[in-house]
Amino acid sequence: MLIPTTETKKLKLAILVSGGGTNLQAILDRIDDGYLSDCEISVVISNKASAHALERAKNRGIPTATVIRKQYQRASDFDNALAAAVTAHKTDLVVMAGFLAVVGEDFTKRFEGMMINIHPSLIPAFCGTGFYGLIPHIKALEYGVKVTGATVHFVNAEPDAGPIILQKAVNVQQDDTPEILQQRVMKEAEWEILPQAIRLYADKRIKVEGRIVKIT
Ligand code: GRF
């Protein structure tokens with residue numbers, strides 16, 4: 001008698017990282033608690049060999065790769081090596097989670113529609129070239145905004161300019177330092193909306209119409 005096998009097709013994620021990997025950890029935690037049980041991280045790739053995010057992956061037995069920009073003379077060679085590291089593993093969705101390397105148009109075009117990024121501000125505020133790590137928070141405090149937050153968006157050729165999938169606002173408090181604000185934005189926004197965006201993508205609930213993303 002043939003026993004039907006339910007080969008559950010998991011959504012394969014390639015996670016691109018550069019730093020501490022707290023957004024990667026948020027995804028791992030949501031896989032563990034079942035919210036993303038139908039997702040699987042196929043590889044974690046960093047442009048920094050020292051990224052603690054790589055340790056987080058190794059501790060879970062997840063394949064890792066490093067692609068170091070200065071090892072490539074041309075930016076296009078770096079992009080090709082990064083793309084090869086992604087496609088060396090079955091990938092349905094590329095997730096830039098605290099990834100700080102600049103990638104070129106060939107790379108973004110190759111994965112357009114299946115690559116998302118988390119940015120620590122309410123785009124279009126405090127984003128684009130030069131706005132990474134603490135800088136968006138420093139600029140938000142300097143400007144005196146009362147609300148900031150995080151954005152998950154599709155990646156296109158222009159930095160932080162792809163169609164917005166989810167955003168979450170976070171109040172700025174009077175005694176905030178950039179570090180305190182960064183922690184609050186990560187805790188209250190980034191670590192929540194990045195897994196949510198992956199959930200929506202896995203459920204095929206994201207519809208892009210030009211710049212506008214509709215959740216069905
Ligand atoms: C986070 O603020 C993220 O939004 C930004 O880099 C910071 C560190 O991210 N891109 P992680 O801890 O490496 O996920």
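Contact, in this talk, means heavy atoms within 4.5 Å. The structure is a predicted model, in which local features need pLDDT of at least 70 and side-chain atom pairs count only at pLDDT 80 or more, while totals for chains, interfaces and linings use all residues. Residues are numbered from 1 along each chain as its sequence is written, and side-chain values use heavy atoms, with hydrogens and water left out.

I'll start with Val67. Val67 sits in the loop between strand 3 and helix 3 (75-87). Helices (H or I, at least four residues) and strands (E, at least two) are DSSP runs, numbered from the N terminus. Is Val67 buried or exposed? Val67 counts as buried, at 4% relative accessibility. The cut-offs are under 20% relative accessible area for buried and over 50% for exposed, with partly exposed in between, using a 1.4 Å probe and protein chains only. Leaving out residues up to four places away in sequence, Val67 touches Ile45, Ser46, Asn47, Tyr72, Phe78, Ala81, Leu82 and Ala85. From its C-alpha atom to that of Asp79, 12 residues apart along the chain, the separation is 9.1 Å.

Two of those contacts come back at Ala101. Ala101 lies in the loop between strand 4 and helix 4, and is buried, with a relative accessible area of 18%. Beyond its neighbours within four places in sequence, Ala101 is in contact with Ser18, Asn47 and Phe78. Asn47 is 54 residues away from Ala101 along the chain, yet their C-alpha atoms are separated by 6.8 Å.

What is the order of the seven strands in the open sheet? The order is 3-2-1-4-5-6-7, and the pairing is mixed. Strand 3 (64-66) and strand 7 (164-171) stand at the edges with a single partner strand each, so one side of each has no neighbour in the sheet. Averaged over neighbouring strands, and with direction ignored, the turn is 20 degrees. Two strands count as paired if DSSP finds at least two bridges between them.

Strand 4 (residues 93-96) has partners on both sides. Strand 1 (residues 11-17) runs parallel to strand 4 and is joined to it by four bridges; Leu16 has Met96 as its bridge partner. Strand 5 (residues 115-119) also pairs with strand 4 in the parallel sense, over three bridges, and there Val94 stands opposite Met115. Which way do the side chains of strand 4 point? Leu93 and Val95 point one way, Val94 and Met96 the other, and all are buried.

Strand 4, helix 4 (residues 105-111) and strand 5 form a right-handed β-α-β unit. Right-handed means that, with the strands pointing away from the viewer, the path from the first strand over the helix to the second runs clockwise.

Now the interior. A nonpolar core here is a set of buried Ala, Val, Leu, Ile, Met, Phe, Trp, Tyr and Cys residues joined through side-chain atoms within 4.5 Å. The largest one has 43 residues, and Ile15, Ile27, Ile41, Ile116 and Ile198 touch the most other members. Helix 6 (residues 178-202) supplies the largest share of this core, nine residues. Apart from that core lies another, of 20 residues, including Ala14, Leu16, Val86 and Phe99. As for Ile198, its contacts beyond four places in sequence are Leu11, Leu13, Ile27, Leu36, Cys39, Leu93, Val95 and Ile116.

Last, some backbone items. Ile123 and Pro124 are joined by a cis peptide bond, with omega about 15 degrees. Pro124 lies in the loop between strand 5 and helix 5 (135-143), and Phe126 lies in the loop between strand 5 and helix 5 too. Phe126 is not a glycine, but has a positive phi of about 50 degrees; at 16% relative accessibility, Phe126 counts as buried. Lys204 also has a positive phi, near 55 degrees, but is exposed, with a relative accessible area of 71%. Lys204 is in the loop between helix 6 and strand 8 (206-209).

Definitions and conventions:
Axes fitted to C-alpha atoms, helices over the stretch in contact; angles between N-to-C directions.
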